[in-house]
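These are my notebook entries on a single structure.

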Amino acid sequence: MYVCLCKGVTDKTIRRAVDDGLSSMRELRQQYGVGSQCGCCTQCAKDIVKDAVAER
Ligand code: FES
């Protein structure tokens, strides 16, 4: 599903990025722009990063 509509980023993309070494919302924002426009997705994206990091 799309997490960030503004940037067209899905939960799969976020999980893949975490598998590839990304480990924080800050990095996700820098690399994918997630949360950098309307900001609606920030909490949801944060939860997915946290979850994916815990599963790593
Ligand atoms: Fe992610 Fe708007 S939905 S910045």
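**Entry 1: C40.** Is C40 buried or exposed? I looked up its relative accessible area and found 68%, so I recorded C40 as exposed, the cut-off being over 50%. I note here that the model is a predicted one.

I next asked how many disulfides the structure holds. The count is 0. For C40, the closest cysteine sulfur is that of C38, at 3.4 Å. I recorded this as too far for a bond, because a disulfide requires the two sulfur atoms to lie within 2.5 Å.

**Entry 2: the nonpolar core.** I then turned to the largest nonpolar core, which has 15 residues. Which of its members touch the most others? They are V3, I14, L28, V34 and A45. Strand 1 (2–4), helix 1 (11–19), helix 2 (25–32) and helix 3 (42–55) are the elements that each give two or more residues to this core. Helix 3 provides the largest share, with 4 residues.

With residues up to four places away in sequence not counted, I14 touches V3, V9, L28, A45, I48 and V49.

**Entry 3: helix 3.** Given the share that helix 3 has in the core, I looked up its geometry. Helix 3 has 14 residues, and the distance from its first C-alpha to its last is 20 Å, close to the 20 Å expected at 1.5 Å a residue. I listed its buried residues as T42, A45, I48, V49 and A52.

On the face turned away from the buried side, I found the exposed residues K50, A54 and E55.

**Entry 4: T10.** Finally I examined T10, which lies in strand 2 (residues 9–10). Its relative accessible area is 18%, so I recorded T10 as buried, the cut-off being under 20%. With which side chain does the side chain of T10 make a polar contact? The partner is the side chain of T13, at 2.9 Å. Setting aside neighbours within four places in sequence, I found T10 in contact with M1, Y2 and V3. V3 is also among the core residues that touch the most other members, and V3 is one of the residues touched by I14.

Key: Residues are numbered from 1 along each chain as its sequence is written. This is a predicted model: local features need pLDDT of at least 70, side-chain atom pairs count only at pLDDT 80 or more; totals for chains, interfaces and linings use all residues. Side-chain values use heavy atoms; hydrogens and water are left out. A nonpolar core is a set of buried Ala, Val, Leu, Ile, Met, Phe, Trp, Tyr and Cys residues joined through side-chain atoms within 4.5 Å. Buried means under 20% relative accessible area, exposed over 50%, partly exposed in between (1.4 Å probe, protein chains only). Contact means heavy atoms within 4.5 Å. A polar contact is a pair of N or O atoms within 3.5 Å; within protein, one must be able to donate a hydrogen and the other to accept it, and residues adjacent in sequence count only if both atoms are side-chain atoms. The expected span of a helix is 1.5 Å times one less than its number of residues.
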